[in-house]
2 protein chains.
Amino acid sequence: MAPPRRLHLNLNFLSAGSHAAAWLWPGNRPEAFVDPAYLVDVARLAERGTFDAVFLADHPSMPDRSDFRPFQALEPSIVLTTIAAATRHIGLIGTISSSYNAPYNIARRFASLDIISGGRAGINVVTTADKSVAFNFGSERAADHATRYDRAIEFTDVVKALWNSWQDDALVGDKAASRFIDRARVHPAHHLGRYFQVRGPLNVPRSRQGHPVIVQAGGSDDGLELAARHAEAVFTAAHTQEDSRAYVSRLRARAEALGRPAGSVVVLPGLVTIIGGTEAEAKRREEELNALAPLEQGLAWISGLLQIDATRYDLDAPLPDTLAVPADGMTTFARGALAKARRQKLTLRQLIRSQAGGGSNHRAIVGTPEQIAASIEEWFLSGAADGFNLMPDVLPSGLEAFVEHVVPLLRRRGIFRNAYEGETLRDHLGLPRPEWAPPAGGEVVSAA
Amino acid sequence: MAPPRRLHLNLNFLSAGSHAAAWLWPGNRPEAFVDPAYLVDVARLAERGTFDAVFLADHPSMPDRSDFRPFQALEPSIVLTTIAAATRHIGLIGTISSSYNAPYNIARRFASLDIISGGRAGINVVTTADKSVAFNFGSERAADHATRYDRAIEFTDVVKALWNSWQDDALVGDKAASRFIDRARVHPAHHLGRYFQVRGPLNVPRSRQGHPVIVQAGGSDDGLELAARHAEAVFTAAHTQEDSRAYVSRLRARAEALGRPAGSVVVLPGLVTIIGGTEAEAKRREEELNALAPLEQGLAWISGLLQIDATRYDLDAPLPDTLAVPADGMTTFARGALAKARRQKLTLRQLIRSQAGGGSNHRAIVGTPEQIAASIEEWFLSGAADGFNLMPDVLPSGLEAFVEHVVPLLRRRGIFRNAYEGETLRDHLGLPRPEWAPPAGGEVVSAA
């Protein structure tokens with residue numbers, strides 16, 4: 001009998017929370033964004049809720065809107081290692097840019113985190129379009145979209161090949177024979193590609209879960225190709241079940257066409273939660289947050305998303321028909337926000353307010369624990385989601401409300417674990433431990 | 001009145017220990033090299049001994065002699081973050097290759113470690129000559145010596161400029177005014193150099209100690225230039241006080257010529273210790289270790305160091321006059337070993353055995369706690385050293401002996417601290433917190 005399908009919950013740990021005004025919430029401290037005690041407290045709270053993982057988005061440059069709100073300043077692998085030391089079960093997923101890193105360095109760093117944490121690591125492989133990042137790495141501009149994703153696919157090929165350097169039994173540790181490892185069981189990658197030439201082998205053994213879980217985010221066609229080839233979990237953006245199911249179908253079809261078995265990719269749409277004991281209380285919390293968020297910040301958000309100067313629009317008129325999805329930009333987010341605004345007949349101001357004050361591009365639910373649990377179950381059972389990439393409005397209070405009041409309902413509905421049932425992130429996500437295989441990039445020869 | 005000059009002790013945490021046979025010592029577990037509990041236990045032991053710091057050497061490729069002994073597999077910043085979470089005082093110094101990293105990534109990662117640890121981070125900036133590493137980063141070979149060091153100097157320029165991105169008061173955190181940071185107090189680096197073009201600013205604030213301590217190792221002329229420009233601590237190799245004092249004089253003269261104040265660089269020669277309750281006991285321990293170490297391993301060590309095939313030499317004859325320092329290689333180490341062998345009239349076998357069985361290129365003392373404390377004091381008082389980069393023969397037992405028996409003697413002699421007197425690595429090393437200064441690479445303009 002197959003085990004019952006399980007819901008997966010990942011905390012998208014966005015500094016003070018996903019709402020634009022999260023850091024302004026009473027009690028929240030501005031300096032928390034660089035305070036290890038805060039980072040650990042939030043992760044422990046997610047672990048108390050038996051979440052699958054905490055996830056850190058990332059962006060290796062000073063963000064444009066840093067004057068308004070905290071951001072991911074500390075490098076994700078350092079934060080995740082800090083969290084690893086203070087937790088026992090929860091998975092640890094970090095974002096890395098395939099555009100501005102050498103695959104050997106990333107393979108090694110996340111293999112190290114994976115070992116240090118007892119097999120709890122994951123990497124979210126992204127490409128980086130921003131000029132502000134390009135400027136930090138010796139470039140005038142980023143490569144075009146297709147090239148970036150082409151490189152990301154090859155980057156992930158190399159990282160996986162390096163993670164397969166050591167057979168699981170390469171560490172011999174025979175003290176009587178003075179034999180530490182068997183070099184015949186450690187294999188170079190011999191990767192000679194378009195973007196990377198990497199011999200290997202990696203100098204790190206395989207971990208308890210084989211290698212870190214590979215995660216992808218981004219809904220473009222190129223992103224879908226990266227996900228179909230490599231991802232074991234995908235962070236998506238969808239405002240409706242229909243959109244989400246359509247994405248799931250496309251992804252699954254493409255993954256199966258590439259020969260991957262069914263069920264080898266977990267799909268986790270983003271979900272912003274604003275929770276109240278009653279619906280009125282939840283709405284009051286949303287209003288209080290929106291009242292705290294400077295309008296300027298919301299305008300900067302919508303201006304960036306739609307590549308317009310939002311200050312030149314009437315914020316309280318119906319959305320102008322001229323607004324369109326910009327050709328080059330965050331296409332999936334822009335399409336989702338525009339479609340929602342038109343469906344719900346929102347003004348620009350209403351759109352901003354309904355998107356966490358311009359703090360998030362993801363679907364938001366404002367409601368009671370019962371309403372949120374019901375929506376989660378509905379998406380889960382309809383096949384629109386395997387779980388969610390959760391973005392509480394404010395941390396830690398919004399996460400606390402979720403853990404205290406929504407998680408028990410999900411458990412009662414029989415779709416979410418009562419306790420951790422395994423040790424590794426793969427165990428939590430229901431993913432198999434990958435068998436060792438000779439690195440794909442070249443023949444199996446000793447590295448001696 | 002100036003505070004008394006203080007001895008500095010840094011643990012060079014070489015996996016199982018510096019002796020070639022360290023991992024074979026009874027009780028040592030082969031898998032310790034990737035066990036976070038082991039890494040933390042050793043660091044805590046060093047902290048119990050009020051050491052200034054633990055230091056991790058590094059090498060981003062599979063080492064040649066990995067079949068013989070454990071090595072630094074896990075990436076240093078991940079290990080140091082793990083140690084940071086389990087300790088309160090001890091400094092955390094990681095090696096990074098300036099040859100195969102982008103300065104923005106390194107500046108950010110170590111700034112993050114510095115903040116996470118409360119101001120305890122340091123980076124040891126090295127250049128990487130090995131082909132095996134070049135192959136992992138898309139190169140057929142490393143750049144030549146002068147180019148590597150030229151790049152290392154520029155690399156460190158950029159890293160320091162990025163560490164000066166934020167003025168200390170850039171985080172405003174004014175919730176009433178919805179003002180998180182003052183962008184006018186965050187400055188790009190605008191670095192346009194020969195090897196790197198980096199705009200910045202770094203997306204990480206300054207830490208409690210300003211920025212990580214910069215460490216350098218390597219005794220070539222190019223290495224000395226890097227040290228004189230940038231290093232705040234230097235790991236050196238010297239078998240005699242005369243050699244060490246000569247290096248110290250050259251370094252200080254060059255640093256002063258570059259306008260750096262006296263006392264701004266701490267010099268720490270490497271020191272291998274093999275400790276026994278009596279001299280006979282110490283020698284017995286050395287003999288037991290040498291008996292455990294495969295001769296093959298010692299031959300591989302000396303063959304690599306002198307670029308010879310040592311199996312073709314008579315190991316028990318006097319050292320042939322034809323042996324010379326190889327032109328391109330680890331010149332300082334080779335010169336030191338050859339000079340010592342000639343001074344002490346050693347055979348090749350004796351040379352191997354006296355260098356921790358071929359496990360270390362550094363000076364070794366085999367003796368009682370009193371003898372070791374006396375030698376440390378003598379070097380310290382003569383100006384040959386500000387302290388030592390300590391390499392116990394076997395970990396943890398050799399470190400335990402040092403902490404239990406040598407440290408109390410150093411304290412009694414009044415040269416080593418009885419307890420930590422400050423919080424940051426700079427406090428421990430007696431280095432000032434660097435004042436914020438506009439990034440050197442460009443004009444001070446807002447990054448908005």
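In the predicted model, chain B and chain A bury about 5,700 Å² between them, with carbon and sulfur atoms accounting for 65% of that area. Three residues, B:Met62, B:Lys175 and B:Phe180, supply 14% of the area that chain B buries against chain A, more than any other three residues. In terms of contacts, 73 residues of chain B meet 73 residues of chain A.

Polar interactions also cross this interface. Residue pairs in polar contact number 30 (both at pLDDT 80 or more), and 2 salt bridges are found. A salt bridge joins A:Asp58 to B:Arg108, where the closest N and O atoms are 2.7 Å apart. On the side of chain B that touches chain A, two or more residues each come from H1, helix H2 (76–86), helix H3 (103–116), strand E5 (171–174), strand E6 (179–181) and strand E8 (197–198) of chain B. The greatest contribution to that side is made by H3(B), with 8 residues.

One aromatic cluster is formed by A:Trp23, A:Phe33, A:Phe71, B:Trp166 and B:Phe180. Charged groups also meet aromatic rings: A:Arg5 lies over the face of A:Phe380, at 3.9 Å from the ring centre, and the charged end of B:Arg5 sits over the ring of B:Phe380, 4.0 Å from its centre.

Notes. Residues numbered from 1 in each chain as written. Chains lettered and ligands numbered in written order. Predicted model: local features only at pLDDT ≥ 70, side-chain atom pairs only at ≥ 80, totals over all residues. Heavy atoms only, no water. Phe/Tyr/Trp six-rings, centres within 6.5 Å; stacked < 30°, edge-to-face > 60°. Lys NZ or Arg CZ within 6 Å of the ring centre and 35° of its normal. Contact = heavy atoms within 4.5 Å. Buried area = accessible area lost by both parts, 1.4 Å probe. Salt bridge = Lys/Arg side-chain N within 4 Å of Asp/Glu carboxyl O. Polar contact = N/O pair within 3.5 Å; in protein donor to acceptor, adjacent residues only side chain to side chain. Helix = DSSP H or I, 4+ residues; strand = E, 2+ residues; numbered from the N terminus.
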